[in-house]
Amino acid sequence: MSEKIKVGISIGDVNGIGLEIIIKTLADARIYDYCTPIVYGHTKVASFHRRATQVSELNFHVINDPSQSQPKKPNMINCWEEDVKIEMGQVTEAGGKYAFISLERATFDLKEGYIDALITAPINKDNIQSEQFNFPGHTEYLQQRDGAAESLMFLVSDTLRVGVVTGHIPISKVSESITGEKILAKLKLMNHSLQNDFWIRKPKIAVLGLNPHASDNGLIGNEEKEVIIPAIEEARNNDIMAFGPYSADGFFANGTYLQFDAVLAMYHDQGLIPFKQIAFESGVNFTAGLNFVRTSPDHGTAYDIAGKNQASEISFREALFTAIHIVKHRRETLELNENPLVFTKLSRDRD
């Protein structure tokens, strides 16, 4: 429990704001009281971004692997040797290539247990595509690397937690992709994560409907009656406190979400639009359901402000601390379960 958590950081697209928010976060010396950060990238690329952010006092300690990391310094693993052409704010082949190299090396170390958590800076989901990376985003890639049958895109903040049944798929395929089995699987993942990663003993989960007004009793679609409600009932049979389905617009507009520990939305934008409106700066994307811990800031590459020293590091810093808290919760849970107290029936007899 006393060992300081090693946090790996993939740099994302080199032409975006990833390294800017990383550098701004690691410039705060208080970070090193809580973790040992290890950035997967290259010092030359980091130096370019450091000049743009005007953080002159941050110097990376170059290492070959996490075992060499220094606990009171920002550590850097150089993942390639060649020079990289940086074109700030531009979508380039190089941006995707080196984002993947960074992610692949960090994920390897994460799976091997050399680091305790992974924070991923934003990628461009288009230019990163290749024979090695053929996924809609980080979530699906990491699920495949973990070998998990299911994972949950879980957006979390102090006031709101939102998961989605369907992630990065076209809106035209949402309805056919939503099944009772899938909703139940996501509810189980969410419930387990709330209990074990966030230490909420009896989570209350709200489930949103798919159709406007949650179908108005079948007037606007049948998914609620035929799929969503039976899934909620089955979740309750599995000791999950699930409620709904709720109409998404009124649910967020009138603050009903404040009565629940988490919300399960049916599709990406149904959950992420209100989440980003309510908790954009402090929001964190957490991939629940995996054997390892991965978080990321709740925003993209922001090419429009890349290189202008305008990016806020708040969401990235929150992603870092969220990962630290989850790792600690999981460690403490394992420790508590290793040597449980033996149950002994007390006798009424006295000596």
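## Helices 3 and 4

Helix 3 and helix 4 lie oblique to each other, because angles under 35 degrees count as roughly parallel, over 145 as roughly antiparallel, 65 to 115 as roughly perpendicular and the rest as oblique. This comes from a predicted model, in which local features need pLDDT of at least 70, side-chain atom pairs count only at pLDDT 80 or more, and totals for chains, interfaces and linings use all residues. Residues are numbered from 1 along each chain as its sequence is written, and side-chain values use heavy atoms, with hydrogens and water left out.

Helix 3 spans residues 93–112 and helix 4 spans residues 138–146. Helices (H or I, at least four residues) and strands (E, at least two) are DSSP runs, numbered from the N terminus. The two pack at an angle of about 40°, with their axes 11 Å apart. Axes are lines fitted to C-alpha atoms, for helices over the stretch in contact, and angles run from 0 to 180 degrees between N-to-C directions. The crossing of helix 3 and helix 4 is right-handed (left-handed if the near helix is turned anticlockwise from the far one by less than a right angle, right-handed if clockwise).

From helix 3, F100, L103, E104, T107, F108 and K111 meet H138, Y141, L142 and R145 of helix 4. Contact means heavy atoms within 4.5 Å. The contact of helix 3 with helix 4 has 5 nonpolar, 2 polar and 3 charged residues. Ala, Val, Leu, Ile, Met, Phe, Trp, Tyr, Cys and Pro count as nonpolar, Asp, Glu, Lys and Arg as charged, and the others, Gly among them, as polar.

## Helices 6 and 7

Helix 6 (residues 180–196) and helix 7 (residues 223–237) also meet. Their packing angle is about 40°, and their axes are 9 Å apart. Helix 6 is therefore oblique to helix 7. Their crossing is right-handed.

G180, I183, L184 and L187 in helix 6 touch V227, I228, A231, E234 and A235 in helix 7. This contact divides into 7 nonpolar, 1 polar and 1 charged residues.

## Helices 1 and 2

Helix 1 (residues 18–26) packs against helix 2 at an angle of about 75°, with the axes 9 Å apart. Helix 1 is therefore roughly perpendicular to helix 2. L19, E20, I23 and K24 of helix 1 make the contact with V45, A46, H49, R50 and T53 of helix 2. By class, there are 4 nonpolar, 2 polar and 3 charged residues.

T43 belongs to helix 2 (residues 43–53). Leaving aside neighbours within four places in sequence, T43 is in contact with V62, M76 and N78. The C-alpha atoms of T43 and N75 are separated by 9.9 Å, though the two are 32 residues apart along the chain.

## The largest pocket

The largest pocket holds about 360 Å³ of space. Its lining has 23 residues, and K125, N285, P297, H299 and G300 are the closest to its centre. Helix 4, strand 6 (152–156), helix 9 (268–279) and strand 12 (293–297) each give two or more residues to the lining. The lining divides into 7 nonpolar, 12 polar and 4 charged residues.

A pocket, on a 1 Å grid over the protein atoms alone, is an open set of points where a 1.4 Å probe fits, with protein on both sides within 12 Å along at least five of seven lines; lining residues have an atom within 4 Å of a point.

## Backbone details

Most residues other than glycine have a negative phi, and most peptide bonds are trans. W199, in the loop between helix 6 and strand 8 (204–208), has a positive phi near 55°. A cis peptide bond joins G244 and P245, with omega about 5°. P245 lies in strand 9 (residues 241–246).

Conventions
Points joined across faces, edges and corners; volume = space filled by probe spheres on them.
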